[in-house]
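Biologist: I'm new to this one and would like to learn how to read its features. Could you walk me through it?

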Amino acid sequence: MKKFQSKAIISLLILLFLGVYYYITLPAFNIHSVGFWKALLALILFFTIAYSLVQMRRQEKSNIVQLKSMKALKEYKCVKIGIGLFLAALLIFIIGYVLSSPIVNASKYRNLLKIDESDFTEDIKQVSYETIPLLDKDSAALLGNRKMGSMVDMVSQFEVSSDYAQINYKNTPVRVTPLVYASAIKWFTNHKAGIPAYIRIDMATQNTECVKLEKTIKYSKSEYFNRNIYRHLRFHYPTYIFDDQIFFEINDEGTPYWVCPVKKFNIGLFGGQTVGNVVLCNAVTGECTDYPVEKVPNWVDKVYSAELLTQLYNYYGMYAHGFFNSILGQKDCLTATNGYNYIAMDDDVWVYTGVTSVSGDQSNVGFVLMNQRTMETKYYKIEGAIEDSAMSSAEGQVQNLGYKATFPLLLNISGEPTYFMALKDGAGLVKKYAMVNVQKYQWVAIGDTVKECENVYIKLLETNGISSSKDNSLFEQARGKITAIAPIVLSGNTHYYLSLEHSDSLFDVDMADEDLRKIIRYKEGDWIEFTYMADENGWNVVTQIP
């Protein structure tokens with residue numbers, strides 16, 4: 001009876017250990033998971049060593065040498081089987097890892113991403129600046145923390161998560177991130193009620209909202225125990241290998257969701273990772289819906305992380321002539337540049353990155369756009385400066401101010417591929433904007449506002465014979481009687497604002513431009529003719545006065 005009780009207690013302790021181990025580490029029961037094999041090896045080794053130690057302890061207590069007895073032989077065989085299982089599992093893991101690697105599958109890795117060559121001016125139209133993200137993630141974090149500091153009813157209990165996923169919300173680029181519990185103690189006192197809000201930041205207007213929810217977020221990364229989003233997913237899908245990055249998004253109604261990509265391995269046991277399925281988890285109710293990747297709802301923007309898409313392109317660019325060529329000769333080897341940004345097109349989010357040779361010659365041979373929802377990839381063969389060179393060129397224009405450039409966006413300005421970036425001061429605040437021509441990166445335009453920056457840039461292009469404002473659809477002609485005119489000082493610069501008869505629009509004349517200073521000759525009641533850049537909000541920048 002004592003022997004039976006002892007075995008029962010040991011069995012219960014083993015089961016308890018396995019349960020705690022699974023609850024904490026959450027391995028997927030899937031042979032394609034590296035975590036599964038690590039857990040399997042660790043458990044075999046643990047039980048083999050534990051069994052050996054128990055038997056040694058028994059022999060010491062009995063003080064009898066049993067090595068030649070049948071019992072000792074049986075125990076020895078059990079230990080031997082344990083060691084054999086460990087070595088066999090380890091061998092399978094190593095062989096699987098090698099056979100899944102690019103060393104023997106370079107062509108398969110290269111074919112993971114299908115790339116179509118496209119025309120820049122056809123695909124990337126001149127867009128409204130209301131749809132262009134003017135802020136990067138760091139600037140968004142500053143705005144989010146500032147907004148949270150003003151929420152006196154929540155600031156002591158919650159903090160802002162560092163997620164700040166960029167998505168399209170009602171055709172507007174925004175970053176969204178949930179609140180998190182400020183500490184374990186704050187979780188203990190607030191978890192029953194849940195997380196009451198998330199932060200939404202308009203990346204074009206910098207408008208920051210703390211969106212309070214009627215029904216609170218109950219499933220998040222900051223939860224403990226069963227409501228932790230990773231544990232919640234594992235218990236629902238024990239065989240799924242979820243991507244390391246899951247994304248916080250909102251649907252068209254503003255309901256918060258977790259977008260959880262499921263890894264798919266296309267080469268051997270562990271190689272060729274893409275996405276096979278996507279689980280959408282309602283952050284409020286915890287309801288999970290599983291979709292094949294090709295049937296994900298259109299409101300979802302982030303299925304493939306920017307890092308994964310960049311890695312897939314690097315496979316394509318590096319393995320044109322096999323694995324060893326990518327290390328030794330490096331013939332025709334291309335790689336993505338050391339950064340990326342996001343572009344909104346057709347209500348999807350596309351990752352932009354430049355393409356350069358591995359020789360590090362500080363120039364791009366082209367660039368790619370990669371759709372984060374569908375993995376669709378377009379390549380544009382445009383030679384020009386690498387992004388770092390363009391950023392340095394822009395910083396050189398304001399070196400006396402010490403501003404630093406953000407990683408640029410790629411825009412179409414008058415048919416010219418153009419880097420657009422914000423210039424930030426030491427506190428991380430955006431002070432100016434810069435446009436740099438991709439092919440002639442010494443052509444730099446700086447402005448206090450986006451409109452002013454574009455105005456300077458287009459005039460720079462005209463000076464160099466690239467474009468003409470008369471042929472540019474951004475420019476329109478105006479003629480009429482001045483009904484009101486007044487000077488206003490903005491950021492140390494004088495602007496004249498005027499309105500015309502029979503028009504609801506306002507026109508901005510920047511006196512920093514010498515060609516526009518002739519506006520001082522005009523007064524209310526005079527007739528005037530000029531060229532301006534149209535703005536959807538009726539606020540227009542004058543570019544030329546005859």
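Modeller: Let's start with a term: two elements are in contact when heavy atoms lie within 4.5 Å. Keep in mind that this is a predicted model. With that in hand, look at helix α8, residues 229–236, which lies across β8, β9 and β10.

Biologist: At what angle does α8 run to β9?

Modeller: At about 100°.

Biologist: And how do I read the sheet itself? What is the order of its strands?

Modeller: Follow the pairing from strand to strand. Here the order is β7-β8-β9-β10, an open sheet of four strands with antiparallel pairing. At the edges sit β7 (247–250) and β10 (288–292), each pairing on one side only. From one strand to the next, the twist averages 35°. For a closer look, take β8 (256–267) and β9 (271–282), which share 10 bridges.

Biologist: Next, salt bridges. How many does the structure hold?

Modeller: There, a Lys or Arg side-chain nitrogen comes within 4 Å of an Asp or Glu carboxyl oxygen. This structure holds 10. In one of them, D136 meets K424 at 3.1 Å, N to O. D136 is in the loop between α5 and α6 while K424 is in strand β19, so the pair ties together parts 288 residues apart in sequence.

Biologist: Is K424 buried or exposed?

Modeller: Buried means under 20% relative accessible area. K424 counts as buried because its relative accessibility is 11%. For another salt bridge, see K212 and D153, with their closest N and O atoms 3.2 Å apart. K212 lies in strand β6 and D153 in the loop between α6 and β2, so this pair links parts 59 residues apart in sequence. D153 is partly exposed, at 48%.

Biologist: What else is in β19? Which residues does E416 touch?

Modeller: E416 belongs to strand β19 (residues 416–424), and it counts as buried at 16% relative accessibility. Leaving out residues up to four places away in sequence, E416 touches F120, L411, N437, Q439, Y457, L461 and I466. F120 is 296 residues away from E416 in sequence, yet their C-alpha atoms are 9.0 Å apart.

Biologist: Last one: which residues form the nonpolar patch on the surface?

Modeller: Look for L91, I95, L99, I103, V104, F324, I327 and L328, with about 820 Å² of accessible area together. Helices α3, α4 and α10 each supply at least two of the patch residues. The largest share, three residues, comes from α3, while V104 lies in α4.

Terms used: Residues are numbered from 1 along each chain as its sequence is written. This is a predicted model: local features need pLDDT of at least 70, side-chain atom pairs count only at pLDDT 80 or more; totals for chains, interfaces and linings use all residues. Side-chain values use heavy atoms; hydrogens and water are left out. Patches are made of residues with over 30% relative accessible area and no salt bridge: like charges are joined within 9 Å, nonpolar side chains (Val, Leu, Ile, Met, Phe, Trp, Tyr) within 5 Å. Accessible areas come from the Shrake-Rupley method with a 1.4 Å probe; for residues, only the protein chains shown count as cover. Buried means under 20% relative accessible area, exposed over 50%, partly exposed in between (1.4 Å probe, protein chains only). Two strands pair if DSSP finds at least two bridges between them. Axes are lines fitted to C-alpha atoms, for helices over the stretch in contact, and angles run from 0 to 180 degrees between N-to-C directions.
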